[in-house]
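Visitor: I would like to learn how to read this model, feature by feature. Please start with the surface.

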Amino acid sequence: MRAQDSATAARTIAVTATGDSGTDHGIRAGSAPTAGIRTGDVTARSATLATDTTGPIDTTDTAGPTDTTGPAGAVNPTDAADATGSRPDPLPRGTLLAGLGVVAFSLTFPSTVWGLESFGPWSLVAVRSTLAALVAGAFLLVGRVPLPERRHWAGLAVVAGGVVIGFPLLTTLALQTSTTSHAAVVVGLLPLTTAAFAAVRTGRRPSRTFWFAAVSGAVVVIVFTLQQSGGAVSRGDLYLFGALLVCAAGYTEGGRLARLMPGWQVIGWALILCLPLMAAGSAVALTVEPVRLNAHGVIGLAWVAVGSTFFGLYVWYRGMAAIGIPKASQLQLAQPLLTLFWSVFLLGETLPLAAPIAAVAVLVCIAVTQRAKS
């Protein structure tokens, strides 16, 4: 008797058993042995060949953690990567999204200056957050997005406190005494601050080359800032430094959450979390601070509410989820340069003479950090 089997598929195997009488008996693999069958010199055995017998069966899930925020049994493909590290990015989509977010953010300060033509600082911050929350809420309702799990709300609160309330408020207060160009250069420290927060929060340690380039970019920004301010630190600078800290914390936590849910949902739920406070703040601030509506004020309010707060953070968090927090944060080294351009083009401010030198130095730092292993 000769039996041909397969190690890769379940099949019906015909076994010919030849007895003394010369009678052939057909036996199906996987069936119970038939009593009374004589096989002569060979004993017929039933076998089920439904599995690959070439090696052990590994039942361990190697794809990564399961995302419990979705339907039961569904695995979020983004969980295949570290919750705070970078995923493979075969296409430049992640970099483009993060870069688009930087462009949106670069318009925030000029738009804020325009908004201050019509609103007081507290009114502007409260109203912009309220409008952005209404837009986000509409998207969440249309998409029928379920509430985040309880374990995500703490992170969303950090995002809300950092990028929805803290950073807009502190920078708006700073822009009452600081120029847009000066504020833009100070906020150029945000990439280094974000990378430091990410390292502490996640335990990841970027390479020495990465840190050298990041610190070099920060040094350029600091020297530029001190040269423009005459070596003194103003109250506006203190507001800006505080804005750096809270924003870096919000970016880091938002980047982590963007690995577990779409980026627009991260900022959407953070805005919803702030809506009761911001709506009440709008009602109070609008009655206390004067309102002088004009075209610049309305356009500025619309952009900081929808362009910067919602759209900008949406593409920014998606970009961070794709390329990782440290590398995405370094793209923001270009934000001060873009803001300087907008300050000249939209506000008519005088461009500092040191700006071209700082621009070249910062662009070199960006190139190095993007190539460095993080």
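Guide: A patch is built from residues with over 30% relative accessible area and no salt bridge; like charges are joined within 9 Å, and nonpolar side chains (Val, Leu, Ile, Met, Phe, Trp, Tyr) within 5 Å. A salt bridge here is a side-chain nitrogen of Lys or Arg within 4 Å of a carboxyl oxygen of Asp or Glu. In this structure, Ile222, Leu226, Val233, Leu238 and Phe241 make a nonpolar surface patch, with about 430 Å² of accessible area together. Areas come from the Shrake-Rupley method with a 1.4 Å probe; for residues, only the protein chains shown count as cover.

Visitor: Which elements give two or more residues to the nonpolar patch?

Guide: They are α7 (208-229) and α8 (235-257). Helices (H or I, at least four residues) and strands (E, at least two) are DSSP runs, numbered from the N terminus. Ile222 sits in helix α7.

Visitor: What should I know about the model itself?

Guide: It is a predicted model: local features need pLDDT of at least 70, side-chain atom pairs count only at pLDDT 80 or more, and totals for chains, interfaces and linings use all residues. Residues are numbered from 1 along each chain as its sequence is written, and side-chain values use heavy atoms, with hydrogens and water left out.

Visitor: Is Ile222 buried, partly exposed or exposed?

Guide: Buried means under 20% relative accessible area, exposed over 50%, and partly exposed in between (1.4 Å probe, protein chains only). Ile222 has a relative accessible area of 39%, so Ile222 is partly exposed.

Visitor: How do I read the chain as a whole?

Guide: Begin with the secondary structure: 13 helices and two strands. The chain has 374 residues, and 47% of them count as buried. Its accessible surface comes to about 18600 Å², with 65% belonging to carbon and sulfur atoms. Next, contacts, meaning heavy atoms within 4.5 Å. Among contacts with a separation of 6 or more, 83% join residues 24 or more positions apart.

Visitor: Which residues touch the most other members of the largest nonpolar core?

Guide: In soluble globular proteins, nonpolar side chains tend to be buried together. A nonpolar core is a set of buried Ala, Val, Leu, Ile, Met, Phe, Trp, Tyr and Cys residues joined through side-chain atoms within 4.5 Å. The largest core here has 72 residues, and Val163, Tyr251, Trp316 and Tyr317 touch the most other members. Helix α10 (residues 295-323) gives the largest share of this core, nine residues. Beyond four places in sequence, the contacts of Val163 include Cys247, Tyr251, Leu313 and Tyr317.

Visitor: How many disulfides does the structure hold?

Guide: A disulfide is a covalent bond between the sulfur atoms of two cysteines. The test is a pair of cysteine sulfur atoms within 2.5 Å. The structure holds zero. Cys247 is buried at 1% relative accessibility. Cys365 is buried at 7%.

Visitor: Where does Thr194 lie, and what does Thr194 touch?

Guide: Thr194 lies in helix α6 (residues 190-202). Its relative accessibility is 0%, so Thr194 counts as buried. Beyond four places in sequence, Thr194 touches Ala248, Tyr251, Thr252, Ile325 and Ser329.

Visitor: How far apart are Thr369 and Ser329?

Guide: They are 40 residues apart in sequence and 9.8 Å apart in space, C-alpha to C-alpha. Thr369 belongs to helix α13 (residues 355-371). Thr369 is buried, at 0% relative accessible area.
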